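Have the model open as you read.

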Amino acid sequence: MKVFYAVLANSLVASVTNTFVWFAVTFWVFLQTKSVLATSVMAGIYFGTVALSGFFLGSLVDRYRKKTAMLISSIGSLSLYTIAFILYLLAPEDAFTKDASVLLWVFVLLTLFGAIIGNIRSIALSTAVTFLIPEDSRDKANGLVGSTTGTAFLISSIMSGMAIGFLGMFWTLVVAVVLMFLAILHLWTIPMKENEIVHTVHEEPKTVDVKGTIKVIKLIPGLFGLIFFNCFNNFLGGVFMSLMDAYGLSMVSVQVWGVLWGVLSLGFIIGGLVVAKRGLGKSPLKVLFQCNMLMWFICIFFTIQASIVLLSVGMFIYLCLIPVVEAAEQTIIQKAIPPERQGRVFGFAQSIEQAASPVTAFMIGPIAQYVFIPFMTTGAGADLIGDWFGTGMARGLALLFTVTGLIGFIVTILAKQTRSYKELLALK
């Protein structure tokens with residue numbers, strides 16, 4: 001357990017750094033360009049890269065020892081953040097003020113890939129739970145992982161808003177480089193023994209074994225259904241990822257928005273700690289679906305009025321439920337999949353589940369900009385419901401959130417009636 005806690009602490013620092021950088025860059029790009037389309041495209045690129053990289057990153061985790069994989073992750077992030085910092089120093093002052101700037105998007109891509117490489121750590125951490133923690137305690141360990149994610153989200157949210165609001169991008173990148181360097185030094189000292197894990201490096205070609213991974217998943221009745229259900233949820237979740245910052249920053253300053261997200265991130269921690277304390281019960285799958293229904297029900301109403309309080313309460317409950325859902329899925333996979341294949345299955349699930357999000361992100365920016373915002377500004381929506389719902393750019397985004405929540409709620413109810421759900425529920 002001491003090794004597990006040390007790995008969690010190290011992962012916390014690395015996760016804080018990666019999330020801090022990406023949040024800060026997103027805030028900074030919106031404030032520099034005032035473009036909803038730019039933040040939407042950024043979210044699309046992020047989700048697209050996560051989706052495409054999951055297959056490869058999962059295979060990488062299975063191919064190497066987990067500590068080695070984590071070191072590769074952090075060294076890669078450090079290198080890309082350093083290059084981004086050099087680019088920022090050398091670029092002209094006005095190079096980052098227009099959303100059509102080539103240098104702006106090169107900078108975005110460097111920081112994006114620096115953050116994306118951090119996903120190696122999340123996959124490696126999920127597989128490390130299998131050999132560090134006994135099976136009957138893994139759901140609780142997964143809850144601690146969720147709390148660590150929430151803590152990272154809290155710290156990075158506050159740091160990113162404050163850094164951009166008061167210090168600027170220069171010091172943001174300096175902090176990122178220093179923190180990642182310290183994480184690498186600390187990880188080097190952690191003794192992670194993996195003697196009982198079967199490594200496939202000598203048994204298979206060093207390739208992304210998608211066919212073999214699919215074959216393993218097919219052996220578990222209903223598991224594909226669960227992965228594709230989460231894929232659809234992420235399709236809808238891309239709406240919030242793409243537009244939530246624009247919506248929030250229309251009501252409060254970037255400093256307040258960053259601090260608010262830090263406070264709301266307590267929901268991640270609370271949800272994870274509840275799982276760590278109480279577990280997930282006899283049926284993690286039932287818990288997963290119950291939480292999804294509640295999450296989408298909240299999304300129908302949390303922007304029904306232009307209120308930062310209503311938004312905050314809804315998002316807090318939403319964030320409390322996310323680590324429960326993630327712990328449930330991780331527990332199911334850890335129980336059903338052999339240890340030597342878990343990295344690839346987690347990576348495959350990540351790729352499939354995130355595949356829909358870039359489609360949403362790329363679609364939703366233009367839809368919001370050219371359909372929902374005009375609809376609630378000067379269009380029929382403003383005349384029809386504007387008296388009580390409100391009008392303007394933010395209310396167009398709010399209406400889009402409400403419609404998304406309604407679709408998610410209906411689809412979750414329908415998914416519970418499928419054969420995949422019943423097959424996975426019967427899995428012992």
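## The second largest pocket

Keep in mind that this is a predicted model. Start with the residues that line the second largest pocket: ten are nonpolar, two are polar and no charged ones turn up. The pocket itself holds about 160 Å³ of space.

To find the pocket, pick out Phe-235, Leu-236 and Val-239, then Thr-360, Met-363, Ile-364, Ile-367 and Phe-372, and finally Leu-400, Val-403, Thr-404 and Ile-407. Helices H9 (223-249), H14 (342-375) and H16 (393-415) are the elements that each put two or more residues into this lining. H14 is the top contributor, with five residues.

## H12 against H13

Now move to helix H12 (residues 284-301) and helix H13 (residues 308-336), whose axes come within 9 Å and cross at roughly 160 degrees. Angles over 145 degrees count as roughly antiparallel, so that is how H12 runs relative to H13. The crossing of H12 past H13 is left-handed.

On the H12 side, the contact is made by Pro-284, Leu-285, Val-287, Leu-288, Cys-291, Asn-292, Leu-294, Met-295, Ile-298, Cys-299 and Phe-301. H13 answers with Leu-310, Gly-314, Ile-317, Tyr-318, Leu-321, Ile-322, Val-324, Val-325, Ala-328, Glu-329, Thr-331 and Ile-332. Sorted by class, the H12–H13 contact comes out at 19 nonpolar, three polar and one charged residues.

Technical notes
Residues numbered from 1 in each chain as written. Predicted model: local features only at pLDDT ≥ 70, side-chain atom pairs only at ≥ 80, totals over all residues. Heavy atoms only, no water. 1 Å grid on protein atoms, 1.4 Å probe; cavity = no way out; pocket = protein on both sides within 12 Å on 5 of 7 lines; lining within 4 Å. Points joined across faces, edges and corners; volume = space filled by probe spheres on them. Helix = DSSP H or I, 4+ residues; strand = E, 2+ residues; numbered from the N terminus. Nonpolar A, V, L, I, M, F, W, Y, C, P; charged D, E, K, R; others polar. Axes fitted to C-alpha atoms, helices over the stretch in contact; angles between N-to-C directions. Parallel < 35°, antiparallel > 145°, perpendicular 65-115°, else oblique. Left-handed = near helix turned anticlockwise from the far one by under 90°. Contact = heavy atoms within 4.5 Å.
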